[in-house]
Amino acid sequence: MYENLHRARSQFNREAILSASPAKLLTMLYDRLMLDLNRAEAAQQQQNWQEASAQLVHAQAIIAELSSSLDTTVWDGGRELQALYAFATAELIAANTRRDSAKTRSIIEIFEPLRATWHEAAEASLAASPAAQPRGVLGVG
């Protein structure tokens, strides 16, 4: 029974990701990054080093994905964000190898406002899109 539930949840998550807009994918990545970082910090504080490491490694993978998908040529702040991703990766590696929850906390404090900003931008983009405006039952305004 649990295996079927796990399979159904995995399928649902896969479909949600495949059908998400680029803005939604970005916010989903930031949400998961923050979840991983908070779980890592909690595990570090409990001295559960194996769990902390798993969460920190997954957070690094998310940052690598964010970094690789960033096109620094279309936005003036792209290079600075790329540098921030590199800094965060180095800090998370140090947080993991040194078992330093303060480093994890510092990255949480940097990325939480970014997460909120990306959510606001995605919502603003959706609101500005004519396709996002509510329509009548037959699809006519």
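Biologist: Which residues touch the most other members in the largest nonpolar core?

Modeller: Leu33, Leu37, Ile63, Tyr85, Leu92 and Phe111, out of 18 residues in that core. By nonpolar core I mean buried Ala, Val, Leu, Ile, Met, Phe, Trp, Tyr and Cys residues joined through side-chain atoms within 4.5 Å. Buried is under 20% relative accessible area, exposed is over 50%, and partly exposed is in between (1.4 Å probe, protein chains only).

Biologist: And which helices each supply at least two residues of this core?

Modeller: Helix 2 (22–45), helix 3 (49–69), helix 4 (78–97) and helix 5 (101–128). Helices here are DSSP runs of H or I, at least four residues, numbered from the N terminus.

Biologist: Before I go on, what sort of model is it?

Modeller: It's a predicted model: local features need pLDDT of at least 70, side-chain atom pairs count only at pLDDT 80 or more, and totals for chains, interfaces and linings use all residues. Residues are numbered from 1 along each chain as its sequence is written, and side-chain values use heavy atoms, with hydrogens and water left out.

Biologist: OK, back to Leu92. What does Leu92 touch?

Modeller: Leaving out residues up to four places away in sequence, Leu92 touches Leu37, Leu56, Ala59, Gln60, Ile63 and Ile107. Contact means heavy atoms within 4.5 Å.

Biologist: Is Thr104 buried or exposed?

Modeller: Buried, because its relative accessibility is 0%.

Biologist: What about Tyr85 and Phe111?

Modeller: Stacked, at 6.2 Å centre to centre and 10 degrees between the planes. Tyr85 lies in helix 4 and Phe111 in helix 5, so that pair ties together parts 26 residues apart in sequence.

Biologist: Last one: how do helix 2 and helix 5 pack?

Modeller: At an angle of about 160 degrees, with their axes 9 Å apart. Axes are lines fitted to C-alpha atoms over the stretch in contact, and angles run from 0 to 180 degrees between N-to-C directions. The two helices are therefore roughly antiparallel, a label for angles over 145 degrees.

Notes: Phe/Tyr/Trp six-rings, centres within 6.5 Å; stacked < 30°, edge-to-face > 60°. Parallel < 35°, antiparallel > 145°, perpendicular 65-115°, else oblique.
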